[in-house]
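Here is a walk through one protein model, taken a part at a time. Keep the sequence and the 3D view side by side as you read.

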Amino acid sequence: MSTFGATPGGGVERQAASVADGENRAWFTAWLVENDFEVKVDAIGNIFGLIETVPGAPYVVVGSHLDSQPLAGRFDGAYGVLAAAHAVRAVAAGDAPARFNLAVVDWFNEEGSRFKPSMMGSAVLTGTLPVAKALATTDPAGTTVSEALDAIDGRGNFAGLDVAAYLEIHVEQGRELEDTGTTIGLVSTTWTAHKLEVVVTGEQSHTGAARMVDRRDALYGAAELIVAVRRLIDGFEPEQLHTAVSEMYLDPNSPVAIAREVRLLVDVRSPERALLETAVAQLRERMTEIEAVAKVEIEVRGLVEWSSGPFLEEGILLAAAEAERLGYTYRRSATVAGHDATNMKEVVPTVMLFVPSVDGISHNEREFTSDDDMVAGLDVLTAVVARVASGALSATDGDAIAMSVGDR
Ligand SMILES: [Zn+2]
């Protein structure tokens, strides 16, 4: 997989529905077919590999994502999809009594770097994002999701499936596991995140000739905002707030013109929802002050959020028991990054596992996880999939949830 979109620094660049993403998806699809999975693709480009062993029963779905950030690491997402495929294949070939069918999934556009929001494929399937809205989303060049998917032959007509439970394994993207000498992270909670699309509006004028007192410089306002976002953390305890401005577009971006408009993406996260809301309220106050200082207008035009919340306790205990039985060290982890499991856990019983990231480096070509840790993760994932597929999570005793891409 790491050969598709390989970068000189040893990473990959496979943004959603890019040529490299398409090549990787094609390779993965061929692998699924060779290994007797039934391959289905839905309208938002999620790829499912199904193994039906209990006709008519709901599915235990295991997966992650194959897309990447620009100039990213080889492990984020791709490890989870590959581990899911091997776990599902092993469980299906085993002789454990099965109560549910098995599926592996590559969720479309988890990263959200080319098309916002992130976790798009799972958001559509869980019903929080209408498929038509997702397909009409454009990248910075104006290409829509539907055009980009069509260019890689990435859309299908699979309507959906009944899901009994969801499992995902991922590299930690932090360094708690490494710092504590632990092999397996049992994801027990997720941080709250707010992503604000902010537009700073000034007025275009001449960089030399316009009088300083007359200038309404959108880039100056944006610069003040960037500093305010970084300084927001000063009023809070360490590691209670993470903030960044991650994206910026500037018009007209000419050497001889004062910027008339800057569009920014502000990312604010906290383990505590109330604390995050306090921080965002403070940021909005700062925006008002910056409007006066820089003589600009600052408008929040879009907000994508997800809430902190626990993962299913029974799933954590089940994964802990399997890690213990297999002789791996384990501990509870919080995920600061969003994952498709973040969406899925709102709808179905969900178990998420981490393996260590060396130095916690992620969204970077130097991202690394050792073979030993990846194989350990696969061992535990396989064991947990087997248990869940045989009905070990009593939370799956209720009706499975029908998930489809239509009518929402
Ligand atoms: Zn990921």
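Predicted model: local features only at pLDDT ≥ 70, side-chain atom pairs only at ≥ 80, totals over all residues.

Four strands form it, in the order 9-11-7-12. The sheet is open, and its pairing is antiparallel. Strand 9 (242-251) and strand 12 (297-306) stand at the edges. Each has a single partner strand, so one side of each is left without a neighbour in the sheet. Neighbouring strands here are turned by 15° against each other on average, direction ignored. In general, strands of a sheet pair through backbone hydrogen bonds.

Now look at one pair in that sheet. Strand 7 covers residues 192-201, and strand 11 covers residues 261-270. They run antiparallel, and 10 bridges join them. One of the links to find is at T201, whose bridge partner in strand 11 is E261.

Helix 8 (residues 273-294) lies across strand 7, strand 11 and strand 12. Against strand 7, helix 8 runs at about 10°.

Next come the empty spaces. Rolling a probe the size of a water molecule over the atoms shows where such space is left. How much space lies in the largest pocket? About 1,400 Å³. Its lining has 48 residues. Closest to the centre of this pocket are D267, R269, V336, A337 and H363. Several elements each supply at least two residues of the lining: helix 6 (176-179), strand 7, strand 9, strand 11, strand 12 and strand 14 (330-335). The largest share, 6 residues, comes from strand 9. By class, the lining of the largest pocket has 14 nonpolar, 18 polar and 16 charged residues.

The second largest pocket holds about 970 Å³ of space. It is lined by 37 residues, and K116, P117, S118, E197 and V304 are the closest to its centre. Two or more lining residues come from each of helix 4 (131-136), strand 7, strand 9, strand 11, strand 12 and helix 10 (340-344). Which strand gives the largest share of this lining? Strand 12 does, with 6 residues. The lining of the second largest pocket divides into 16 nonpolar, 10 polar and 11 charged residues.

There is also a cavity. The count comes to 1 cavity of 30 Å³ or more. The volume of the largest cavity is about 30 Å³. L186, V187, F311, G315, I316, A319, T350, V351, M352 and L353 line it. Strand 6 (184-190), helix 9 (313-326) and strand 15 (350-355) each supply at least two of the lining residues. Strand 15 gives the largest share, 4 residues. In this lining, 8 residues are nonpolar, 2 are polar and none is charged.

Turn to the metal site. Which residues coordinate the zinc ion? They are H65 through NE2, D76 through OD and H170 through NE2, at 2.0 to 2.1 Å. Along the chain, the donors follow the spacing H-x10-D-x93-H. D76 lies in the loop between strand 3 (59-64) and helix 2 (78-93), while H170 lies in strand 5 (residues 160-171). The pair therefore ties together parts that are 94 residues apart in sequence.

Finally, some backbone details. Most residues other than glycine have a negative phi, and most peptide bonds are trans. D36 has a positive phi, near 65°, and is a residue other than glycine. D36 sits in the loop between helix 1 (19-34) and strand 1. Strand 1 (residues 38-41) and strand 2 (residues 47-51) run antiparallel and are joined by 4 bridges. Among these links, V39 has G49 as its bridge partner in strand 2. The hairpin of these strands has 5 residues between them, and there G45 takes a positive phi near 85°.

Where are cis peptide bonds found? One joins K116 and P117, with omega about 5°. P117 lies in the loop between strand 4 (101-106) and helix 3 (120-125). P117 is also one of the residues closest to the centre of the second largest pocket. Another cis bond runs from D251 to P252, with omega near 0°. P252 lies in the loop between strand 9 and strand 10 (257-258).

Conventions. Residues numbered from 1 in each chain as written. Heavy atoms only, no water. Pairing = 2+ DSSP bridges. Axes fitted to C-alpha atoms, helices over the stretch in contact; angles between N-to-C directions. Contact = heavy atoms within 4.5 Å. 1 Å grid on protein atoms, 1.4 Å probe; cavity = no way out; pocket = protein on both sides within 12 Å on 5 of 7 lines; lining within 4 Å. Points joined across faces, edges and corners; volume = space filled by probe spheres on them. Nonpolar A, V, L, I, M, F, W, Y, C, P; charged D, E, K, R; others polar. Donors = N, O, S within 2.8 Å, 3.2 Å for Na, K, Ca; no water.
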